[in-house]
Protein chains: 2
Amino acid sequence: MITNLSVPLIIKAPFAEETEKTGTETESGPDLGSSPSMASMAAAFIKTSKSIPQSPITFTKTFVPPIKLPISLRVKNNSHRRIRISGGLIDPDGGKLVELIVEESMRASKNREALSLPRIKLSRIDLQWVHVLSEGWATPLTGFMRESEFLQTLHFNSLRLQDGSVVNMSVPIVLAIDDAVKNRIAASSKVALFGSDDRPVAIMKDIEIYKHPKEERIARTWGTTASGLPYVDEAIKNAGNWLIGGDLEVIQPIKYHDGLDRFRLSPAQLRNEFTTRNADAVFAFQLRNPVHNGHALLMTDTRRRLLNMGYNNPILLLNPLGGYTKADDVPLHWRIKQHQKVLEDGVFDPETTIVSIFPSPMHYAGPTEVQWHAKARINAGANFYIVGRDPAGMGHPTEKRDLYDADHGKKVLSMAPGLERLNILPFKVAAYDKTQGKMAFFDPSRPQDFLFISGTKMRNLARNKENPPDGFMCPGGWNVLVEYYESLVPADNGRIPKPEAVVA
Amino acid sequence: MITNLSVPLIIKAPFAEETEKTGTETESGPDLGSSPSMASMAAAFIKTSKSIPQSPITFTKTFVPPIKLPISLRVKNNSHRRIRISGGLIDPDGGKLVELIVEESMRASKNREALSLPRIKLSRIDLQWVHVLSEGWATPLTGFMRESEFLQTLHFNSLRLQDGSVVNMSVPIVLAIDDAVKNRIAASSKVALFGSDDRPVAIMKDIEIYKHPKEERIARTWGTTASGLPYVDEAIKNAGNWLIGGDLEVIQPIKYHDGLDRFRLSPAQLRNEFTTRNADAVFAFQLRNPVHNGHALLMTDTRRRLLNMGYNNPILLLNPLGGYTKADDVPLHWRIKQHQKVLEDGVFDPETTIVSIFPSPMHYAGPTEVQWHAKARINAGANFYIVGRDPAGMGHPTEKRDLYDADHGKKVLSMAPGLERLNILPFKVAAYDKTQGKMAFFDPSRPQDFLFISGTKMRNLARNKENPPDGFMCPGGWNVLVEYYESLVPADNGRIPKPEAVVA
């Protein structure tokens with residue numbers, strides 16, 4: 001299953017490069033050991049897994065959809081789907097996983113060919129998208145979008161295939177070039193994509209160059225054009241005024257050499273793992289924050305519900321996002337270290353949990369982006385997707401409010417074209433129940449009993465080396481967060497700076 | 001066919017009201033005679049109709065789609081559709097035209113009921129939307145959108161129906177209310193919609209009130225949030241922070257009493273007319289500007305092509321937009337007067353042409369709005385839709401460029417969900433061919449021979465009482481434009497002001 005992970009490492013890790021420059025994260029980075037995958041690593045901590053079902057946590061209306069949508073119908077009336085799934089995993093979009101990595105026997109010749117072609121240098125985020133495309137997370141895309149795919153994505157959040165069927169596609173996966181590069185390409189129908197180390201990453205064929213309507217792209221993807229959107233500042237504002245699309249031949253698997261490559265399972269590898277484990281349901285959880293006991297509560301409860309629905313072996317795909325995140329999110333290395341500690345504490349059952357990194361960059365585009373997060377997990381074999389409050393959301397960059405309505409994400413997801421096959425599992429927000437001293441699903445009939453620990457609050461507590469209430473997060477996991485903030489270099493005035501100032 | 005047009009006229013015309021205030025348009029407004037409909041009026045000018053096919057205009061590549069899209073396939077491979085159409089008109093979206101006007105016998109009681117309900121006062125544009133909804137242009141909508149419809153419109157430009165089928169819906173048809181009105185409605189499940197004359201227009205049932213995310217609505221509909229978008233300034237910026245959706249019972253047909261009501265055929269009336277004429281193809285052309293010979297060239301050519309494809313009786317639906325337009329567009333009254341002159345001059349064959357007003361307000365939302373324009377015409381019986389350069393486009397309100405890529409409209413239209421049944425007919429821009437002294441399709445191989453007469457240029461010529469080149473527009477039609485600009489009150493400095501300053 002992990003043979004692809006052992007191929008020679010060629011592309012220099014952009015993450016490592018960047019952290020070396022700042023002189024912070026690499027030096028104090030986590031040592032993640034040498035286990036071949038997070039999944040099997042997780043399997044080493046079976047000891048505590050059986051205690052969870054007996055936990056005294058009170059469950060309150062976890063799955064009641066708060067909106068008039070066919071969510072519950074979808075979950076309940078899927079007898080035909082369950083039959084199909086028990087005979088195999090959910091089909092990838094378009095029927096077949098589209099992997100774009102060339103056969104090993106062809107690599108040398110493709111490498112030579114690439115060296116002869118007009119060059120496009122990839123940014124760190126561009127390379128993450130090549131990674132995403134190469135492994136088929138964006139199946140059936142065969143490369144960076146041409147204009148017809150770009151326009152369908154912007155306007156319809158979906159693509160119509162040749163056979164008339166529709167697949168979801170909500171965020172543009174595009175490659176921007178400037179005038180100089182466009183002129184250099186001239187009439188060529190092929191180009192080579194190069195990494196930051198000046199080695200070829202991929203060949204793009206049958207290219208199409210079209211205008212990059214930045215304002216329109218931003219407005220239609222984020223529903224705002226306010227300045228300060230992290231992905232826009234990082235990847236669009238200063239990008240070229242042209243987009244180039246075409247079919248990719250990726251010369252070898254994308255690796256980052258950051259100690260985490262072994263945790264980056266491709267959709268094909270995940271599907272193999274689910275099949276090996278005889279999964280008859282796979283429920284995916286997108287994660288870009290440290291795991292706390294509210295998450296664990298939800299995962300355990302979901303599994304219980306799936307068992308009640310008649311599934312025999314539901315497997316959890318805990319799939320933290322590994323690509324670009326904004327400066328004040330906890331960096332991937334620290335999150336993975338934190339996830340490990342939580343697993344060691346037995347919060348998740350390793351027999352029914354796979355932890356693996358999702359290589360996509362983060363848009364923070366709320367209801368638009370959550371569709372991408374869900375769609376990519378279909379391709380990885382998931383037929384259930386858990387969606388919470390304000391998925392992929394953030395504060396409005398210029399106004400004192402959340403950018404998105406907290407309920408729009410799950411509503412949009414439940415109605416999205418091309419995701420009809422996916423069972424959407426909305427959940428209520430978990431909060432610290434002071435009467436129980438535990439994380440529990442929020443009960444609106446007694447709001448005074450609950451304490452909400454937001455990401456900001458959690459970060460502030462960890463930064464100040466304070467402890468959260470008992471039962472919020474296992475102590476091992478919490479210590480990792482404290483350690484992360486300790487690792488940040490104090491400013492001249494002796495204060496621990498906010499992470500924005502350090503990572504940026 | 002026109003029985004509905006003779007019902008008592010009750011709602012006071014918002015257009016007439018406004019023009020009375022400015023003291024310009026009403027006084028010099030057109031006298032449109034007393035023919036019962038534009039269709040039959042058009043039928044009075046048969047004399048010149050046969051001369052058109054013999055005109056010496058050169059046709060150049062009218063229907064070659066400039067993009068790699070299944071446009072030509074759709075037109076050519078529709079044998080199954082042609083068979084169906086020859087047995088009847090194209091089905092409305094969802095299978096059945098949804099008309100929301102209550103039975104005549106119920107009007108008095110509905111009127112009484114409305115008087116007892118919490119009230120919402122409609123703006124001029126709100127009333128136009130009630131008109132649109134009441135006649136089924138937006139079929140299968142049963143009233144102003146609830147949140148699930150609003151979100152699907154914003155994100156997917158389409159609605160999924162109960163049976164899983166998808167219909168196009170690209171612009172939000174919503175009703176905004178402010179906090180005071182929301183509080184007044186309180187827990188009521190029904191409200192009454194009132195016109196500007198304080199008489200009830202409709203009852204809205206099973207209402208749902210939800211947040212009006214203005215910025216997001218604007219960004220996702222227009223692809224920009226730049227200030228100065230006409231519809232935004234007119235209908236969104238100062239609208240309430242809540243939207244209210246629900247099923248409409250419209251108490252009687254919406255009338256404007258502006259002398260043009262008899263030209264406002266509903267989709268049902270248009271369908272009757274097409275059936276009466278034994279149409280086996282209906283091609284619709286959306287229009288919000290004066291008609292010139294370039295349009296006529298296109299219509300004639302389209303009919304010829306449809307005949308060549310094997311249709312026996314293609315009918316043109318020339319469907320000028322009658323709702324809100326921006327200040328520098330030529331007002332509806334003048335446009336209709338101009339259309340009449342053009343018809344009198346025999347530019348269109350009245351036997352195969354129906355001219356009727358489309359009651360929708362204009363968004364100027366380019367590729368998003370053109371889908372609405374096309375979808376509404378399916379409901380009116382059209383199975384072919386002609387789309388030109390930059391449909392529903394305008395200049396960017398704050399930057400020196402067009403707001404939309406001129407080709408995106410037809411590309412997006414050809415890929416739009418729910419419009420698969422509609423044959424999209426793109427056309428190249430017509431321009432004045434100096435070598436022929438006529439309007440002709442632009443030939444990019446000899447650009448120097450062509451003169452582009454933009455809307456702005458046309459308006460400036462008419463304002464200055466200059467003539468366009470011979471063959472651009474029939475003299476009778478041109479004189480109407482000159483007359484319109486003459487009717488505008490000169491400013492204190494004696495100059496004819498730009499229409500923005502007068503109509504606003």
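**Interface of chain A and chain B**

Across the interface of chain A and chain B, 8 salt bridges are found, a salt bridge being a side-chain nitrogen of Lys or Arg within 4 Å of a carboxyl oxygen of Asp or Glu. One of the salt bridges joins the side chains of E215(A) and R401(B), with an N to O distance of 3.2 Å. By class, 13 nonpolar, 13 polar and 12 charged residues make up the side of chain A that touches chain B; Ala, Val, Leu, Ile, Met, Phe, Trp, Tyr, Cys and Pro count as nonpolar, Asp, Glu, Lys and Arg as charged, and the others, Gly among them, as polar. The model is predicted, and local features need pLDDT of at least 70, side-chain atom pairs count only at pLDDT 80 or more, and totals for chains, interfaces and linings use all residues. Residues are numbered from 1 along each chain as its sequence is written, chains are lettered from A in the order in which they are written, and side-chain values use heavy atoms, without hydrogens and water.

In total, 38 residues of chain A contact 38 residues of chain B (heavy atoms within 4.5 Å). The two chains, A and B, bury about 3,000 Å² between them, 48% of it on carbon and sulfur atoms; buried area is the accessible area (1.4 Å probe) lost by two parts on being put together, summed over both. Of the area that chain A buries against chain B, 22% comes from F156(A), R160(A) and M415(A), more than from any other three residues.
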